[in-house]
Amino acid sequence: MTFETFLARALDDPDVLGVVLSGSQAREGAATAHSDHDVYVIVADGSAFPPRRDAVLDVAVMTLAQFREHALPGSDTAWNRYSFAYARVLKDTAPQEQGGIADLVTAKGTLSPEESRSLAPEALGAFLNSAYRSLKNDRAGDLLAARLDAADAVASYLTYVFALHGRVRPYNKYLAWELRHHPLSLPMWSHEELLPLLEAALSPETASAVRRLLNDLEPRARAAGHGEELDGWGDDLAFMRGR
């Protein structure tokens, strides 16, 4: 079955309340010859619309109640939240007084101001913790541990930076695409500047790259009101800075 045939069937089915296209096919310029169509089909209770997974279609079927809870903070599917950033709503016949499909997709794919305020300092704290561990391991000559902790630091760093912008951290697969198509606010976070630095953090240059991430980030973090997270490290902050 082609995607076009599938979509025509879903659009014509009265039990289908919503169709959401996600994945590479929903992101301009991201699809390759190997990309399937990732689709969420939201159905009325009792619908027999079948899920599907093959080389062409990856169709997840859920009721409206299930979709309302899916990919939200604190749920066991919170990991899937970025799927709804830039997702395309192809059908939305859900009762609007309860919040339509498009509104739910927007809520999943972006951070509210309250979420950003809560998530950002937590992610900054995690970054600082992993950066400290990485630098200590590098000082001790344990280069594998240093790189593993640097990988954790990079993940938390990205969560923090995107939270500052009210955005969900992209999957690693889409990081380069996101930075090219939806740039962040400063040149230090551009595709050309940030990606080589992240790569260096996972290389023999781990310590210098982690310190640069920290030193470049510190004034922005303080400007965002997160100086307390930094100052809580006391004298260890000077070691982390490399000074």
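Which helix gives the largest share of the lining of the largest cavity? That is helix H5 (residues 143–164), with 3 residues. This is a predicted model, in which local features need pLDDT of at least 70 and side-chain atom pairs count only at pLDDT 80 or more, while totals for chains, interfaces and linings use all residues. Residues are numbered from 1 along each chain as its sequence is written, and side-chain values use heavy atoms, with hydrogens and water left out.

**The cavity**

- Searching the whole structure turns up 1 cavity of 30 Å³ or more; a cavity is a set of points, on a 1 Å grid over the protein atoms alone, where a 1.4 Å probe fits but cannot get out.
- The largest cavity has a volume of about 40 Å³, a volume being the space filled by probe spheres set on grid points that are joined across faces, edges and corners.
- Its lining is made up of Asp138, Leu143, Ala146, Arg147, Ser203, Pro204 and Thr206; lining residues have an atom within 4 Å of a point.
- By class, this lining holds 3 nonpolar, 2 polar and 2 charged residues (Ala, Val, Leu, Ile, Met, Phe, Trp, Tyr, Cys and Pro count as nonpolar, Asp, Glu, Lys and Arg as charged, and the others, Gly among them, as polar).

**The largest pocket**

- The largest pocket has a volume of about 320 Å³; a pocket is an open set of grid points with protein on both sides within 12 Å along at least five of seven lines.
- It is lined by 14 residues, and Ala78, Arg81, Thr159, Val168 and Arg169 are the closest to its centre.
- The lining of the largest pocket comprises 10 nonpolar, 1 polar and 3 charged residues.

**The second largest pocket**

- Here the volume is about 220 Å³.
- Of the 18 residues lining the second largest pocket, Ser22, Gly23, Asp38, Ser83 and Tyr174 lie nearest its centre.
- Strand S2 (37–43), strand S4 (57–63) and helix H6 (172–181) each give two or more residues to this lining; helices (H or I, at least four residues) and strands (E, at least two) are DSSP runs numbered from the N terminus.
- S2 gives the most, with 3 residues.
- The lining of the second largest pocket divides into 6 nonpolar, 7 polar and 5 charged residues.

**Serine 116**

- Serine 116 sits in helix H4 (residues 113–139).
- Serine 116 counts as buried because its relative accessibility is 12% (buried means under 20% relative accessible area, exposed over 50%, partly exposed in between, with a 1.4 Å probe and protein chains only).
- Leaving aside residues up to four places away in sequence, serine 116 touches Leu111, Pro121, Ala163 and Gly166, where contact means heavy atoms within 4.5 Å.
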